[in-house]
Amino acid sequence: MKKIDIKIHVNGDWYELAVNPWDRLVDVLRDQLDLTGTKEGCGEGECGACTINLDGKAVLSCLILAVQVDGCTILTIEGLQRGPELHPLQKAFVSESAIQCGYCTPGMIMAANALIYNESEPNEDTIRKNLSNNLCRCTGYDRPVKAVLKAAKDMKGNSNA
Amino acid sequence: MSAYFQFEEYHRPQDLDQAVDILSKFGNSARVIAGGTDILPRRPGVKKIDTINHLVDISKLGLDYLKKEGDHIFMGAGTTINIIGAAPIFLSGPYGALSDAASAHSTSTIRNRATVGGNLCNASPCADLALPLLVLDVILMAAGPEGKRDIPIESFFKGVNYTALNNEEVLVEIRIPLCSEKTGTSFLKLRRHQTAIDMAVVNVATSLTCKENRCETAGIALGSVAPVPFRAKKAESMLAGAKLSKGIIEKAAATAAGEARPIDDVRSTSAYRRKMVAVLVRRSLENSMRRCGQ
């Protein structure tokens with residue numbers, strides 16, 4: 001089978017990769033780049049576990065072919081932290097105890113990151129609507145919503161995606 | 001290796017002509033891909049995709065645009081649903097239904113990729129964007145080997161996942177006629193979980209053009225209650241020319257429910273769907289009335 005060469009910018013670095021035409025972005029991130037922070041849940045766009053930021057927008061990496069993002073900029077949970085300290089969103093999820101099993105957490109944080117990047121200080125309603133894209137079956141949503149509110153306040157528009 | 005949808009070859013044409021050439025060459029074994037949110041979740045073993053060996057990517061052909069020119073708003077088929085939902089031009093007045101439908105469609109993460117053209121070409125009976133576009137009487141423009149042709153949206157949907165497009169054609173543009181300021185439109189969607197991703201049990205869009213409480217023209221489009229989204233013409237004709245009152249709106253809503261041909265399925269029973277058509281059409285007409293002249 002003919003592989004296709006692509007070049008993608010992931011978490012600050014350019015990668016040149018050869019991918020199968022049918023490889024989804026989530027497969028390439030996890031299997032070729034070893035970025036296993038991005039989880040696959042349902043694989044059909046319902047659960048949000050595979051949410052990443054693509055050119056500043058929250059998207060589902062299980063519904064995108066890797067060949068389609070040739071030349072694009074991608075941010076995953078691994079690229080969120082800049083420097084020695086955790087990213088404000090990560091800190092807030094810890095301090096608000098917004099994590100239980102943790103499987104939905106990377107997707108939730110990346111969805112929240114794009115939201116804060118695009119809206120700076122989103123209100124609770126907007127955050128709830130956005131997090132409804134990410135299914136959590138243990139902690140629930142109150143704590144993640146609090147965490148995102150806190151992080152948005154801490155970041156005060158100082159965000160990247 | 002992915003256990004999901006696999007195919008032989010991915011094509012990235014440089015322009016529309018090339019896309020049409022590739023589609024013509026591979027016929028039924030080729031499909032267009034833009035956002036990919038409809039085609040990628042399909043599982044192997046489904047007859048519909050087992051024959052697809054070629055994907056033709058039209059997402060980089062500059063089909064994402066939204067512009068007002070002359071008597072029309074021109075919308076590229078590759079415009080993502082979130083762009084439509086946030087577009088100031090659709091936020092109020094005559095095009096409100098389009099904005100409502102775009103915001104009610106799936107989740108924002110999917111809407112960042114999913115395109116209006118894809119929503120139409122997938123031709124699901126519950127396609128949210130089909131309904132406002134039906135009441136807005138839009139014209140769809142397709143590109144094929146013989147050049148471009150116009151298809152009125154009412155003759156576009158032929159069956160479940162089946163449209164008037166030929167295999168070698170690409171939907172490129174949606175042309176929305178400019179509406180009178182006296183027109184108000186609305187879209188409503190009933191689903192089992194109002195905040196989460198879910199397809200509609202029933203979805204409707206309505207439009208009313210009113211002058212001093214007298215209805216000049218009316219549009220009612222119903223979704224999820226027939227093999228294709230369609231206009232409830234009998235109900236519409238009851239409203240056209242009538243003085244708008246609570247009574248006539250309720251009668252029209254009941255007539256629309258009579259025009260629905262719903263089925264029982266995993267989301268709802270046929271009987272419930274029919275009842276909900278009446279409720280949603282009534283509420284949507286009331287919304288449209290409020291929006292007239294806004």
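In the predicted model, A:Arg30 is in contact with A:Leu35, A:Thr36 and A:Thr38, leaving aside neighbours within four places in sequence. A:Arg30 itself lies in helix H1 of chain A, which spans residues 25–32. With 19 C-beta neighbours inside 10 Å, A:Arg30 counts as partly exposed. The cut-off for a buried residue is 20 or more. A:Glu40 is 10 residues from A:Arg30 in sequence. The C-alpha atoms of A:Arg30 and A:Glu40 are 9.3 Å apart in space.

Helix packing in chain A was examined next. Helix H5 (residues 142–155) of chain A is crossed by helix H3 (residues 105–119) of chain A, and their axes come within 11 Å. The crossing angle is roughly 40°. H3(A) and H5(A) are therefore oblique to each other, since angles under 35 degrees would count as roughly parallel. H3(A) passes H5(A) in a right-handed crossing. On the H3(A) side, the contact involves A:Met108, A:Ala112 and A:Ile116. These residues meet A:Pro144, A:Val148, A:Ala151, A:Ala152 and A:Met155 of H5(A). By class, this contact has 8 nonpolar residues, with no polar and no charged ones. In an α-helix there are 3.6 residues a turn, so residues three or four places apart point the same way.

H5(A) also meets helix H2 (residues 88–95) of chain A. Here the axes come within 8 Å and cross at roughly 140°. H2(A) and H5(A) are therefore oblique to each other, as only angles over 145 degrees count as roughly antiparallel. This crossing, too, is right-handed. H2(A) contributes A:Pro88, A:Leu89, A:Ala92 and A:Phe93 to the contact. H5(A) contributes A:Ala147, A:Lys150, A:Ala151, A:Asp154 and A:Met155. The contact has 7 nonpolar and 2 charged residues, and no polar ones.

The loop between H2 and H3 of chain A holds A:Ser97. A:Ser97 is not a glycine, yet its phi is positive, at about 50°. Most residues other than glycine have a negative phi. A:Ser97 is exposed, with 12 other C-beta atoms within 10 Å.

B:Ser224 is found in the loop between strand S13 (214–223) and strand S14 (230–231) of chain B. B:Ser224 is buried, however, with 29 other C-beta atoms within 10 Å.

Helix H5 of chain B, residues 96–104, is mostly covered. Of its 9 residues, 7 are buried. The buried residues are B:Gly96, B:Ala97, B:Leu98, B:Ser99, B:Asp100, B:Ala101 and B:Ala102. They pack against elements of chain B that include helix H3 (81–86), helix H4 (88–91) and helix H8 (130–135). Strand S11 (183–190), strand S12 (202–211) and helix H11 (270–291) of chain B are also among their partners. After H5(B) comes B:Ser106, whose phi is positive, near 40°.

B:Ala102 was also compared with B:Lys246. B:Lys246 is found in helix H10 (residues 246–259) of chain B. With 9 C-beta neighbours inside 10 Å, B:Lys246 counts as exposed. B:Lys246 and B:Ala102 are 144 residues apart in sequence. From C-alpha to C-alpha, they are 28 Å apart in space.

The largest nonpolar core has 141 residues. B:Val204, B:Leu222, B:Ala256 and B:Val277 have the most contacts inside this core. H3(A) gives the most to the core, with 8 residues. Beyond its neighbours within four places in sequence, B:Ala256 is in contact with B:Ile220, B:Leu222, B:Ala232 and B:Ala235, among others. Its contacts also include B:Val277, B:Ala278 and B:Val281.

The two chains touch. In this interface, 26 residues of chain A are in contact with 22 residues of chain B. On the side of chain A that touches chain B, strand S4 (57–60) and helix H4 (124–131) of chain A are the elements that give two or more residues. S4(A) gives the most, with 4 residues. The residues on this side of chain A divide into 11 nonpolar, 8 polar and 7 charged.

Key: Residues are numbered from 1 along each chain as its sequence is written. Chains are lettered from A and ligands numbered from 1 in the order in which they are written. This is a predicted model: local features need pLDDT of at least 70, side-chain atom pairs count only at pLDDT 80 or more; totals for chains, interfaces and linings use all residues. Axes are lines fitted to C-alpha atoms, for helices over the stretch in contact, and angles run from 0 to 180 degrees between N-to-C directions. Angles under 35 degrees count as roughly parallel, over 145 as roughly antiparallel, 65 to 115 as roughly perpendicular and the rest as oblique. A crossing is left-handed if the near helix is turned anticlockwise from the far one by less than a right angle, and right-handed if clockwise. Two residues are in contact if their C-beta atoms, placed from the backbone, lie within 7 Å. Ala, Val, Leu, Ile, Met, Phe, Trp, Tyr, Cys and Pro count as nonpolar, Asp, Glu, Lys and Arg as charged, and the others, Gly among them, as polar. A nonpolar core is a set of buried Ala, Val, Leu, Ile, Met, Phe, Trp, Tyr and Cys residues joined through C-beta atoms within 7 Å.
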